[in-house]
Amino acid sequence: MVYRVIYISSSRRVQSNAEIDVILRKSQENNHRAGLTGLLIYDGKRFFQYLEGEEAQVRRTLARIRADERHYALVVLSEKETDRRQFGQWSMAGHYMSPGENLEQCVERLTTGCDPHVAAELRGFATVRTHAA
Ligand SMILES: Cc1cc2nc3c(=O)[nH]c(=O)nc-3n(C[C@H](O)[C@H](O)[C@H](O)COP(=O)(O)O)c2cc1C
């Protein structure tokens, strides 16, 4: 089984691409070691992350992420066991929003390879966030 967590959080301040790259590089290095994979989207205001792998590793990493002062108000949207990975080829795929794109559109674009029900679930969360913005 694969354990997966989806959360959103608010960035403490606007992060430059270089700052996001620092987060991504560190995440990729640690996640590779811990056998974790996933997706991280930053929309200029919030982070949206999908993190999957062995349960204990996911929990350990999430505890570190929660304590990170670069963001706050981390809300877990979904946390459960699933039968397979959705982002197996990425230790942490990072994506910049295209100009004019919102979170909903970005998630739609990035989840085309996922199981349809997972893609729909992620789009649903992103839709709620986009309209709450
Ligand atoms: C939005 C966000 C997402 C992050 N995602 C991950 C992640 O997937 N894996 C990870 O190891 N660290 C992630 N981090 C970084 C951790 O909070 C923490 O800084 C890092 O894991 C510490 O690693 P170190 O103990 O090797 O220095 C993330 C940080 C932020 C702000």
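By class, how many nonpolar, polar and charged residues does the shell around the ligand have?

A: The shell around the ligand splits into six nonpolar, six polar and four charged residues. For this count, Ala, Val, Leu, Ile, Met, Phe, Trp, Tyr, Cys and Pro are nonpolar, Asp, Glu, Lys and Arg are charged, and the others, Gly among them, are polar.

Before we go on, keep in mind that this is a predicted model: local features need pLDDT of at least 70, side-chain atom pairs count only at pLDDT 80 or more, and totals for chains, interfaces and linings use all residues. Residues are numbered from 1 along each chain as its sequence is written, and side-chain values use heavy atoms, with hydrogens and water left out.

Now for the shell itself. The ligand is surrounded by 16 residues, and the closest are S27, N31, Q49, R64 and D68. To be near a molecule, a residue needs one of its heavy atoms within 4 Å of it.

Some side chains pair up with the ligand through polar atoms. N31 has a polar side-chain atom 2.8 Å from a nitrogen atom of the ligand, and for S27 an N or O atom of the side chain is 3.3 Å from a ligand nitrogen. On its own, the ligand has 620 Å² of accessible area, and the protein covers 81% of that. Such areas come from the Shrake-Rupley method with a 1.4 Å probe, and for residues only the protein chains shown count as cover.

Where does all this happen? The ligand takes up the space of the largest pocket. A pocket is found on a 1 Å grid over the protein atoms alone: it's an open set of points with protein on both sides within 12 Å along at least five of seven lines. A molecule sits in a pocket if more than half of its atoms lie within 2 Å of the pocket's grid points.

The elements that each give two or more residues to the shell are helix 1 (17-34), strand 3 (46-53) and helix 2 (55-66). Helix 1 gives the largest share, five residues. Helices (H or I, at least four residues) and strands (E, at least two) are DSSP runs, numbered from the N terminus.

Let's follow the chain on to H71, which is in strand 4 (residues 71-82). H71 counts as buried because its relative accessibility is 8%. Buried means under 20% relative accessible area, exposed over 50%, and partly exposed in between, with a 1.4 Å probe and protein chains only. E54 is 17 residues away from H71 along the chain, and their C-alpha atoms are 24 Å apart.

A73 is also in strand 4. A73 has a positive phi of about 50°, although it's not a glycine. With 48% relative accessibility, A73 is partly exposed.

One last stop is R4, in strand 1 (residues 2-11). R4 is buried because its relative accessible area is 1%. The side chains of R4 and E121 are joined by a polar contact of 3.0 Å. A polar contact is a pair of N or O atoms within 3.5 Å; within protein, one must be able to donate a hydrogen and the other to accept it, and residues adjacent in sequence count only if both atoms are side-chain atoms.

Note on methods
On a 1 Å grid over the protein atoms alone, a cavity is a set of points where a 1.4 Å probe fits but cannot get out, and a pocket is an open set with protein on both sides within 12 Å along at least five of seven lines; lining residues have an atom within 4 Å of a point.
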